[in-house]
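Colleague: I've got a new model open and would like to learn how to read it. Can you walk me through it, one feature at a time?

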Amino acid sequence: MSSSWNSVGLEVLYQVLGWVAFFAWSFSFYPQVLLNYRRKSVVGLNFDFLVLNLTKHSSYLIYNASLFFSPFIQRQYHDKYGDKEMIPVAANDVAFSLHAVALTTFTVFQVFIYERGMQKVSKVCISITAIVWTAAIVCLIIAWPKSDWLWLIDVFNSIQVGMTAIKYIPQAIMNFRRKSTIGWSIGNILLDLTGGVLNFGQMGVQSIDQHTLVNFYGNIGKTLLSLETVFFDVLFIIQHYVLYPVKKDEYADDFPVLPIEVKHVTAQ
């Protein structure tokens with residue numbers, strides 16, 4: 001017997017939290033994109049972060065879309081965790097992943113058309129990315145003969161967890177070395193933090209309704225994603241507002257104020 005909600009109220013709350021998290025996380029990409037556009041520069045935005053972030057979101061999209069749309073993989077999930085357990089991926093998870101891949105790809109495109117100074121992708125980042133995708137291909141070859149697709153998408157889920165854990169590190173180090181967060185949008189971080197908290201809350205609502213914690217460890221990637229997001233976002237908030245506060249005369253880029261032209265009138 002397939003699983004279902006016990007409480008209509010909790011089901012509604014689950015959907016509301018999920019979609020609010022989706023919009024918060026989705027909108028979190030735009031402050032950085034708009035910041036780059038206004039400055040016509042990506043100086044201050046770490047390129048290693050972008051490359052690792054694209055790998056992370058691509059892996060997460062593969063996991064979410066596969067588990068949400070494939071009945072075969074869903075059967076494998078129920079065989080492993082029980083028929084009464086709900087699939088731990090919602091429509092908002094898939095929508096977020098699609099949007100995240102698109103916006104991250106567009107931000108990478110901005111790197112090629114705007115001023116970037118002497119910044120470049122590090123050899124360490126290139127090596128990590130190459131190793132991760134090579135390992136993913138090897139896992140695909142292993143899973144193919146036995147159709148062990150649940151195991152394969154769990155690999156991609158693990159990849160996104162790993163990428164989330166390390167993708168913020170280059171940007172945090174860069175801010176530390178520059179003693180500045182200029183070029184790195186705090187609007188992105190505030191919305192990202194909101195999405196992380198709501199995403200964790202959504203999982204908590206499902207757990208309360210089902211009287212089980214399976215959805216937390218059955219989709220450990222989503223659980224760790226929320227925790228990692230909150231941790232690094234708090235770190236960036238401390239860097240921006242406490243350690244390296246932006247001076248008023250330096251530029252408030254995240255929420256711009258349109259310039260007002262003042263005309264001086266000479267008395268006749």
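Colleague: How many helices and strands does the protein chain have?

Modeller: Helices (H or I, at least four residues) and strands (E, at least two) are DSSP runs, numbered from the N terminus. Here the protein chain has 10 helices and 0 strands, so the pattern along the sequence reads α-α-α-α-α-α-α-α-α-α. Keep in mind that this is a predicted model: local features need pLDDT of at least 70, side-chain atom pairs count only at pLDDT 80 or more, and totals for chains, interfaces and linings use all residues. Residues are numbered from 1 along each chain as its sequence is written, and side-chain values use heavy atoms, with hydrogens and water left out.

Colleague: What does the UniProt annotation "transmembrane region" cover?

Modeller: UniProt positions are given in the numbering used here, feature names are shortened, and annotations may be inferred rather than shown by experiment. The unreviewed entry puts that label on residues 12-30, 42-63, 94-112, 124-143 and 149-169. In the model, residues 124-143 are 100% helix and 0% strand, with end C-alpha atoms 29 Å apart. Residues 149-169 are also 100% helix and 0% strand, and there the end C-alpha atoms are 31 Å apart.

Colleague: At what angle do H1 and H5 pack?

Modeller: Axes are lines fitted to C-alpha atoms, for helices over the stretch in contact, and angles run from 0 to 180 degrees between N-to-C directions. Helix H1 (residues 8-27) and helix H5 (residues 91-113) pack at about 10°, with axes 9 Å apart. That makes H1 roughly parallel to H5 (angles under 35 degrees count as roughly parallel).

Colleague: Which residues of H1 and H5 meet?

Modeller: Contact means heavy atoms within 4.5 Å. From H1 come Gly18, Trp19, Phe22, Trp25 and Ser26, which meet Ala91, Asn92, Ala95, Phe96 and His99 in H5.

Colleague: Which residues have a positive phi although they are not glycine?

Modeller: Two cases to look at are lysine 40 and histidine 211, each with a phi of about 55°. Lysine 40 is in the loop between helix H2 (30-39) and helix H3 (47-69), while histidine 211 lies in the loop between helix H8 (186-210) and helix H9 (214-218).

Colleague: Are these two buried or exposed?

Modeller: Buried means under 20% relative accessible area, exposed over 50%, partly exposed in between (1.4 Å probe, protein chains only). Lysine 40, at 42%, counts as partly exposed, and histidine 211, at 70%, counts as exposed. For the chain as a whole, buried residues make up 49% of the 268 residues.

Terms used: Parallel < 35°, antiparallel > 145°, perpendicular 65-115°, else oblique.
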